[in-house]
Amino acid sequence: MRGETLFLAHRLPFPPDRGDKIRSHHILKALAEIAPVHVGCLAENAADIANEHALAEMAASWCMPRRSKPLPVAGAEALLRGQPVSLTAFRSEALSQWVNRLLAERDIGAIYVFSGQMGQYVPRDWQGRLLVDLVDVDSAKFEAFAEAGRGPRRWIDAREGRLLRGVEADLVRRADATLLVSEAEANLLRKRVPTPDRIRALGNGIDCATFDPEAVEPEQALASGGPHYVFTGQMDYAPNIEAVARMTNAIMPGLLGKLPSAQFHIVGRAPTREVLALHGVNNTHVEGEVPDTRPWLARADIVVAPLTIARGVQNKVLEAMAMARPVIVSPDAATGIEAESDRHFLVAQNDAAFVEDLLRLSKDFAAARALGCQARQFVLDTMIWPAMLSDLPRLLGHESVAPRNAA
């Protein structure tokens, strides 16, 4: 199949500084090397508007209306329509009209939907190739939230999970291929939909030239004292909030009795009130948003990822591994990364195991250094972006295509 590509993403794929934007950025870059690509996405804030110019470097055309619908309005609309809030929150009439005009006027051979919320923009009568990148199984994530929740929030999350499961099943039925970030996520979705045959994994990669410990100056704030443990992530995201609360309240107390100088640093934008309240508790420091997380990773003695709810592949783990840091993860955070525990990272099964592993690596500098070096070699050998996305031309129907310059 020939023709141009329409790429629909729920957020602007620039800058690639958080999990979903990292994946969408590299996929968009790969698509632009195959055929002319048109981008439809939504702006969330002034920073997105300021970065709109970046689309000109890759896109033949684009549309990026502002997503300004308040969440209560999206919730009310979702109740009236019997739809998930995830869909109504990302509905834009301006973007819908642009998509319809583009499909009528341009030779679009394929549509790449990034994140299930954007499937609503694909016309029901679309006859071209359709790739749906769900990244991970959102319905299962909301079901997990509901199981752990209480009160009205439990009902809201259960409803969202139930309705999203129907949306995911419909997209799988319509798509030529449905993509997930790991084989574990792909297998999970296969068990949840009636038509599982065209579901496959398309893994995340890592930019090892950017995440190179030799390319950055370590953060001076961590130059003395310690040992220093670091967690990075978007700090208004519920699984990250739960993870840092677990580290502060359940893991750090077990450490401080034997290692009273240990320090835990929470590095990431938009910390919630709950996260900010952790500052000063059990030697925890809420650093908030920083211009660049790499210096913090470069100076960290150990990077931790004690997530209890995690879908897909954790970019924060890959970034720390690429930076040659010793990393200790929960089983959930390890999902989708085909690394070996005790060789490339450590998988701690519970709070006591986290304490034990942190104490051991904090005292055995040679073991910590060896673990970090083997972690970086693992991502260099197996997880660079071009290798992870090498199958995209075939998925798009371009079986043999020479790379082209972006529009």
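**Grounds for the terms**

Modeller: In β13, V347 is the bridge partner of V329. The model is a predicted one.

Colleague: What makes β12 and β13 a pair of strands?

Modeller: Two strands pair if at least two bridges are found between them. Strand β12 (residues 327-329) and β13 have two bridges, in the parallel sense, so they meet the requirement.

Colleague: Which strands are the edge strands of the sheet, and what makes them so?

Modeller: The sheet is open and has six strands, in the order β10-β9-β8-β11-β12-β13, with parallel pairing. Its edge strands are β10 (284-288) and β13 (346-347), each of which pairs on one side only.

Colleague: Why are α12 and α15 called roughly perpendicular?

Modeller: The axes of helix α12 (residues 315-322) and helix α15 (residues 365-382) cross at roughly 115 degrees and come within 7 Å. Angles of 65 to 115 degrees count as roughly perpendicular, and α12 and α15 are therefore described in that way. On the side of α12 the contact is made by L318, M321 and A322, and on the side of α15 by G372, A375, R376, F378 and V379. These contact residues divide into six nonpolar, one polar and one charged.

Colleague: How do you know that D17 and R269 form a salt bridge?

Modeller: The closest N and O atoms of D17 and R269 are 2.7 Å apart, and the rule asks for a side-chain nitrogen of Lys or Arg within 4 Å of a carboxyl oxygen of Asp or Glu. The pair therefore qualifies as a salt bridge. By this rule the count comes to 26 salt bridges.

Colleague: Which parts does the pair of D17 and R269 tie together?

Modeller: D17 lies in the loop between β1 (4-9) and α1 (19-32), and R269 in the loop between β9 (263-267) and α10 (273-276), so the pair ties together parts that are 252 residues apart in sequence.

Colleague: Why are D17 and R269 not called buried?

Modeller: Buried means under 20% relative accessible area, and exposed means over 50%. D17 has 38% and therefore counts as partly exposed; R269, with 24%, is also partly exposed.

Colleague: Where do D138 and K141 lie, and what joins their side chains?

Modeller: Both residues, D138 and K141, lie in helix α6 (residues 138-148), three residues apart, about one turn of the helix. Their side chains meet in a salt bridge, 3.3 Å from N to O.

Colleague: Why is D138 called buried?

Modeller: The relative accessible area of D138 is 17%, which is under 20%, so D138 is buried. K141 is buried as well. Not counting residues up to four places away in sequence, D138 touches L164 and E168.

Colleague: Are D157 and R153 buried or partly exposed?

Modeller: D157 has a relative accessible area of 4% and is therefore buried, whereas R153, at 48%, counts as partly exposed. The two residues, D157 and R153, lie in helix α7 (residues 151-174), four residues apart, about one turn of the helix. Their side chains meet in a salt bridge, with 3.1 Å from N to O.

Conventions. Residues are numbered from 1 along each chain as its sequence is written. This is a predicted model: local features need pLDDT of at least 70, side-chain atom pairs count only at pLDDT 80 or more; totals for chains, interfaces and linings use all residues. Side-chain values use heavy atoms; hydrogens and water are left out. Axes are lines fitted to C-alpha atoms, for helices over the stretch in contact, and angles run from 0 to 180 degrees between N-to-C directions. Angles under 35 degrees count as roughly parallel, over 145 as roughly antiparallel, 65 to 115 as roughly perpendicular and the rest as oblique. Contact means heavy atoms within 4.5 Å. Ala, Val, Leu, Ile, Met, Phe, Trp, Tyr, Cys and Pro count as nonpolar, Asp, Glu, Lys and Arg as charged, and the others, Gly among them, as polar. Buried means under 20% relative accessible area, exposed over 50%, partly exposed in between (1.4 Å probe, protein chains only).
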